[in-house]
Amino acid sequence: MAASEETSSLFPIFILTIMALPLVPYTIVKLCRFASKKAKSIHCQCAVCERSGKYRKSIFKKISNFSTWSNMTVVLLWVIMGFLVYYIQQISRESQPFDPYSILGLVAGASESEIKKAYRKLSIQYHPDKNPDPEANLYFVEFISKAYQALTDPVSRENYEKYGHPDGRQGMQMGIALPSFLLNIDGASGGILLLGIVGVCILLPLMMAVIYLSRSSKYTGNYVMHQTLSSYYYFMKPSLAPSKVMDVFIKAAEYMEIPVRRSDGEPLQKLFMLVRSELNLDLKNIRQEQAKFWKQHPALVKTELLIQAQLTRESADLPSTLQADFKKVLEIAPSLLEELMKMAVIPRNQQGHGWLRPAIGVVELSQSIIQAVPLSARKTTGSGEGNAPFLQLPHFSEAVIKKIARKKVRSFQELQDMTEMERAELLTSIAGFTPAEVQDVEIVLEMMPSMTVEIICETEGEEGIQEGDIVTMQAWVTLKRRNGLVGALPHAPYFPFHKEENFWLLLADAVSNEVWMSQKVSFLDEAAAIAAASKAIQEAKEGSGATVKERSSAVKEAVAKVKSGSRLVMGKFQAPAEGNYNLTSFCLCDTWIGCDKKTNLKVKVLKRNRAGSRGGAIAEEGPAVEDGIEEEEDEEEEEYDDYESEYSDDSEDEQDTKKKGVVANGAAHEKGSGSSSEEGSGSDEE
């Protein structure tokens, strides 16, 4: 036991070493990431966003942002390490090696007279007859007397000079770096070590496994419940319009778990009267429609009313009892909308195609929730564009839109195309804006992204696309802003949480309502985009038999494109049956209204005449890629229909939905622009 007591001081050193091994490099990585963050702000600087408080850099906000679980854990571990270092230093002082000269206050090699003189001096101070303090008595006996004897007794002095100890050679003792009470298996403390081993090695992993399995069985990797995905898959329909998307969206299991209290009845009734015009109720049978609405599941009623409060910007008047539920509904809305989007584009037929109309409806609903714009504001006017894009600008209202419409500014694109001076004059003289409000509008317009898409469909190693081939789509999506930023947070003062911009690239056949390929695109993580583009270009060039120099040059070009604000989107799909296909590439933003872009292209699929069956060739030889977009003669180009939003006027459906595909040497480029409200989903499902 003596050995264990002497060596138990090694336990703090052992713990300190184990903690420092992962903590030091992890802390260095976190500090490097913090130092590498861009000083330039990526959020909107307008007065409305500043007043919202989302980006306010107060001391409490900074503390709140810092007080994450990971940061607080790192700080706590460093505090523990500091305490261990202090404790080890104290132990080291107490366990100094025996040095008689130091104890008597002498230098090494002192004479016998000096030794006796120092001993007499210390005896006066520590001798029991002179000092009744028990600690002084103990120090005199254990240290002073022993040191005097070691230097005056010939044998003791010889042992000290020879072996460093007055008692002679000392044997080496080996111990375990654990506290002594853990090693004492006799007595009451004997079970502590056993309980620790059982708890740490058996019970703790078992508990963590149970928690993980119970959570993983309920939630997906995106923290959305499996029950929600099942409901979304079941209720998703090919002709689902934006107003009907809301009915599917609120059926999430997370929303069904929101508590409905008796005290919520009166506030919800008041909210219902405020948002009733947005609920698509039949005004001819308003009483029956209202009764039908309130007969739904209480959680569905509450969720839909709270979402409508966000769309109509009526949330400020909600009582405190509903504010918490309102924020919870909005907090999980982006992840639910993303999963709903995946359910819209998930393969539904033998060709592996999803549905275009509900996908556009989901994006429109996401835009409206983030920007707090009613779905009814997407109803198109005579110019073919609704008021929704205007309402996302600060200080704009329906009255302001009507005023500027009298000056022939009826579309959002017309407002954007004006010079800064022309806009300032329009907004100050017609809308009555102050210079500060005009500046807010300019800040938001500078933040709005402008998208361009360059898309190529090709097959490797063969000429033309034949039915059954695996076709590779390569698209470069480029984002530009007037303020020069690439990745940024959108202007969304009415959405109480941070929301990143995400874009969905859909390659679809608008006539058949089929999505051939879909992929989400983000512009915030440049490093990940560079790595993905480099890998994709490298693999494509290796497959085509390019030289090392050609591959290196192509990768450098791709990296330069990514750094300039482009993202590479690669996808594969199986060529359908023989024929000409008018495809459309939709680049849809889930946060901004009016920034969606379309790219039209024609793809000609030839009858299969190469050796091997369709399925066999693909299974054995793998994907093949080749140039497959045919440039057709003007007289052979056929007009095709684009989808119109459910809010489009019927008088314009037959006149404005016909557009020609733009094809140029195997690559299709952007033709015009328009929001998804113009080219969105079709009419409501019956």
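User: In which helix is M81 found?

Analyst: Welcome! This is a predicted model, in which local features need pLDDT of at least 70, side-chain atom pairs count only at pLDDT 80 or more, and totals for chains, interfaces and linings use all residues. Residues are numbered from 1 along each chain as its sequence is written, and side-chain values use heavy atoms, with hydrogens and water left out. Helices (H or I, at least four residues) and strands (E, at least two) are DSSP runs, numbered from the N terminus. With residues 69–94 forming the helix in question, M81 is found in α5.

User: Is M81 buried or exposed?

Analyst: Buried means under 20% relative accessible area, exposed over 50%, and partly exposed in between (1.4 Å probe, protein chains only). M81 has 8% relative accessibility, so M81 counts as buried.

User: How far apart are the C-alpha atoms of M81 and T17?

Analyst: Along the chain, M81 and T17 are 64 residues apart.

User: Which residues form a nonpolar patch on the surface?

Analyst: Patches are made of residues with over 30% relative accessible area and no salt bridge; like charges are joined within 9 Å, and nonpolar side chains (Val, Leu, Ile, Met, Phe, Trp, Tyr) within 5 Å. Accessible areas come from the Shrake-Rupley method with a 1.4 Å probe, and for residues only the protein chains shown count as cover. Together the patch members have about 320 Å² of accessible area, and they are F14, I18 and L21.

User: Is L21 buried or exposed?

Analyst: L21 sits in helix α2, which covers residues 10–36. Its relative accessibility is 60%, so L21 counts as exposed.

User: At what angle do the axes of helix α24 and helix α25 cross?

Analyst: Two packed helices are described by the angle between their axes and the distance between the axes. Axes are lines fitted to C-alpha atoms, for helices over the stretch in contact, and angles run from 0 to 180 degrees between N-to-C directions. Helix α24 (residues 420–429) and helix α25 (residues 435–447) have axes that come within 10 Å, and the crossing angle is roughly 135°.

User: What does that make α24 relative to α25?

Analyst: Angles under 35 degrees count as roughly parallel, over 145 as roughly antiparallel, 65 to 115 as roughly perpendicular and the rest as oblique. By that rule, the angle makes α24, relative to α25, oblique.

User: Which side chain meets E442 in a salt bridge?

Analyst: A salt bridge is a side-chain nitrogen of Lys or Arg within 4 Å of a carboxyl oxygen of Asp or Glu. Here the N to O distance is 2.8 Å, and the partner of E442 is R423. The pair links distant parts of the chain, 19 residues apart, with E442 in helix α25 and R423 in helix α24.

User: Which residues are linked with R261 in a network of salt bridges?

Analyst: R261 and D264 form a salt bridge, with the closest N and O atoms 3.2 Å apart. R261 counts as partly exposed at 32% relative accessibility, whereas D264 is buried at 0%. In the network, R261 is linked with D264, K302 and D325.

User: What is the phi of A372?

Analyst: Most residues other than glycine have a negative phi, and most peptide bonds are trans. A372 lies in the loop between α20 (356–371) and α21 (388–391), and at 2% relative accessibility A372 counts as buried. Although A372 is not a glycine, its phi is positive, at about 55°.

User: And where is H395, which also has a positive phi?

Analyst: H395 is not a glycine, yet its phi is about 70°. At 26% relative accessibility, H395 counts as partly exposed. Its place is in the loop between α21 and α22 (398–405).
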